[in-house]
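The sequence and the structure come first, and the text then follows them.

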Amino acid sequence: MGLLSTLLGIIGFGIGVPFGLLLGFFFFIYSEPKPVKEPIPRPLYELDNSALLDLLPDIPLWVKCPDYERVDWLNKFVTDMWPYLDKAICARIRSMTEPIFAEYIGKFQIEAIEFGNLSLGTLPLEIHGLKVCETNEKELVLEPAVRWAGNPNIVLVLKLLSFRITVQLVDLQIFVAPRITLKPLVPTLPCFGTVTISLLEKPDVDFGMSILGGDIMAIPGLYQFVQKTIKRQVASLYLWPQTLEIQILDAATVAVKKPVGILHVKVVRAQKLLKKDILGTSDPYVKLSLSGERLPAKKTTIKKRNLNPEWNEKFKLIVKDPQSQVLHLQVFDWDKVGTHDRLGMQFIPLKLLTPYETKEFKLDLLKHTNIIDPQDKKQRGIIVVELTYAPFREDSIKLDGPQDGYKRKESGFDRPSESEVFSGAGLLSVTVQGAEDVEGERHNNPYAVVLFRGETKKTKMIKRTRDPLWKEEFQFMLEEPPLNEKIHIEVMSKRTGFIFRSKVCNFLHSRCTILSIMLVS
């Protein structure tokens with residue numbers, strides 16, 4: 001009897017093993033992925049206490065944190081756009097994965113890799129709160145809390161040794177907190193140059209992977225391994241300070257050139273100017289400006305009834321690109337009524353100048369910039385100017401510790417001579433950001449006044465606010481570093497419709513503004 005049972009066991013094992021392998025092979029080859037079902041929503045009042053406690057981590061951040069704003073309007077926008085975003089994102093995924101799949105075709109007996117189905121489903125992502133961060137830079141920082149528990153239908157088909165293997169991604173959930181920075185802000189639509197994206201913390205990604213109808217992520221240890229691998233790979237690419245930068249505008253459009261030197265201009269005289277007045281004379285003055293600048297033009301004094309005026313007046317202009325900028329000189333005839341007549345003009349490229357060397361120019365005045373105009377043969381007189389370009393030095397004087405207020409420490413280079421360091425080769429840049437809780441019961445039209453070394457500059461007036469935001473930059477040219485001097489900022493308010501001023505803030509020092517100081521000797 002024992003022999004018979006042993007024999008039957010051997011026969012059953014020999015038959016069962018091939019039959020099991022054949023049945024498994026049949027399911028492996030001919031199994032199809034299950035269709036994704038729509039979730040069934042349930043109202044909160046139908047849930048018990050334990051279910052409600054499980055939902056606490058999913059409460060939006062705008063409920064728990066006052067720094068985050070509720071953005072239902074943005075979620076409504078995403079919901080309406082989701083069918084189109086679905087197609088656009090899936091098309092982008094296909095284009096990005098095609099070269100990756102192509103690298104594995106032909107290896108490990110793989111004949112083809114392609115998507116059987118690729119759809120993000122009908123459930124859009126949700127933004128559970130949006131935080132807007134203020135900085136002192138020309139940028140806008142957004143920190144949204146993004147969650148997506150979707151119903152995607154993603155099926156990957158792998159052809160291996162003439163067999164067709166399908167892998168389905170199910171129950172995908174993604175929780176991520178990115179930081180989106182729009183910078184720099186520029187006066188060209190869409191008003192920012194790049195979009196920079198980084199992750200504030202490692203993302204939470206949860207999903208299942210179905211093969212032969214079973215979730216292989218249920219294998220002990222595999223789920224934790226995949227989770228750690230995904231977090232590690234994503235963190236190595238995009239976790240702050242790593243960033244993903246998307247260029248929106250051309251680099252030449254957003255490039256902001258900084259001052260590199262100062263142009264010293266001396267308007268000496270003009271000779272044989274045109275007669276524009278009825279009495280056979282003119283009242284000339286000169287306007288001078290640099291190309292590429294939006295600052296108001298500098299003006300000389302008016303010389304009444306003089307066709308050969310002598311000015312000998314000095315001006316300083318900020319230079320940002322000496323290789324491309326041009327000095328524009330325009331001579332006008334002043335009129336008490338009506339527009340001023342232009343007597344002539346000239347222009348001088350700054351690339352003709354040698355740093356720290358004074359060069360005199362004696363130029364014939366032209367009617368316009370077309371110097372080869374055959375019809376412009378009329379003599380308009382000449383103008384004489386002296387130009388000196390003083391670039392900022394790289395080896396600036398360093399400040400190190402107090403000594404009578406400040407201590408001057410020379411750099412490793414020898415101190416240049418007085419002729420080498422032309423006066424005015426220094427610049428103080430002041431940025432007035434804004435103010436908060438401006439006082440004043442009847443006046444809420446604030447503006448700021450910046451006073452330094454007797455020079456006054458004003459911001460624009462912002463009406464009907466006690467928290468103005470100016471973000472205006474002013475520049476003061478210096479003869480020497482202002483080591484022991486103070487800059488004064490006064491906040492004023494003007495009642496509209498009346499000539500009236502009310503001082504709403506006492507004189508303040510640099511505490512009321514952001515100072516960016518560039519001092520070079």
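The model discussed here is a predicted one, and every value below is computed from it.

**The chain as a whole**

The protein chain has six helices and 27 strands, and of its 521 residues 34% count as buried. Its accessible surface comes to about 33700 Å², of which 57% belongs to carbon and sulfur atoms. Among the contacts in the chain with a separation of 6 or more, 66% are accounted for by residues 24 or more positions apart.

**Nonpolar cores**

The largest nonpolar core holds 28 residues, and the members that touch the most others are Leu-263, Leu-288, Leu-327 and Leu-387. At least two residues of this core come from each of β11 (261-271), β12 (284-290), β14 (310-319), β15 (326-333), β16 (341-349), β17 (359-364) and β18 (382-391). Once its neighbours within four places in sequence are left aside, Leu-327 is in contact with residues that include Leu-263, Leu-288 and Leu-387, and also Val-265, Leu-317, Phe-347 and Ile-348. A second, separate core of 16 residues includes Ile-113, Val-205, Met-217 and Val-226.

**Strand pairing**

An open sheet of four strands has the order β13-β12-β15-β16, with antiparallel pairing. Its edges are β13 (298-299) and β16, each of which has a single partner strand, so one side of each is left without a neighbour in the sheet. Within this sheet, β12 and β15 run antiparallel and are joined by seven bridges, and Lys-287 stands opposite Gln-330 in β15.

Strand β1 (residues 110-119) is joined to strand β4 (residues 153-160) by eight bridges, the two running antiparallel, and the partner of Leu-118 in β4 is Ile-154. Strand β4 is in turn joined to strand β5 (residues 163-176) by seven bridges, again in an antiparallel arrangement, with Val-157 bridged to Thr-166 in β5. These two strands, β4 and β5, form a hairpin with two residues between them, and Leu-161 in the turn has a positive phi of about 55°.

**Charged pairs**

Side chains of opposite charge can pair when their charged atoms come close.

| Asp-80 | Lys-76 | 2.7 Å |

Glu-143 counts as buried because its relative accessibility is 5%, whereas Arg-179, at 27%, counts as partly exposed. In the remaining pair of the table, Lys-457 has a relative accessibility of 22% and counts as partly exposed.

**A surface patch and a buried glycine**

Which residues form a nonpolar patch on the surface? The patch consists of Phe-77, Met-81, Tyr-84, Leu-85 and Ile-89, which together have about 470 Å² of accessible area. Tyr-84 lies in helix α4 (residues 72-104), and at 56% relative accessibility Tyr-84 counts as exposed.

Gly-426, by contrast, is buried, with a relative accessible area of 3%. This glycine, Gly-426, lies in the loop between β20 (408-409) and β21 (427-434). Gly-426 and Ile-318 are 108 residues apart in sequence, while their C-alpha atoms are 9.9 Å apart in space.

Note on methods: Residues numbered from 1 in each chain as written. Predicted model: local features only at pLDDT ≥ 70, side-chain atom pairs only at ≥ 80, totals over all residues. Heavy atoms only, no water. Core = buried A, V, L, I, M, F, W, Y, C linked by side-chain atoms within 4.5 Å. Buried < 20%, exposed > 50% of the residue type's maximum accessible area, 1.4 Å probe, protein only. Contact = heavy atoms within 4.5 Å. Patch = residues over 30% accessible without salt bridge, like charges linked within 9 Å, V, L, I, M, F, W, Y side chains within 5 Å. Areas by Shrake-Rupley, 256 points an atom, 1.4 Å probe, with all protein chains shown as cover. Salt bridge = Lys/Arg side-chain N within 4 Å of Asp/Glu carboxyl O. Pairing = 2+ DSSP bridges.
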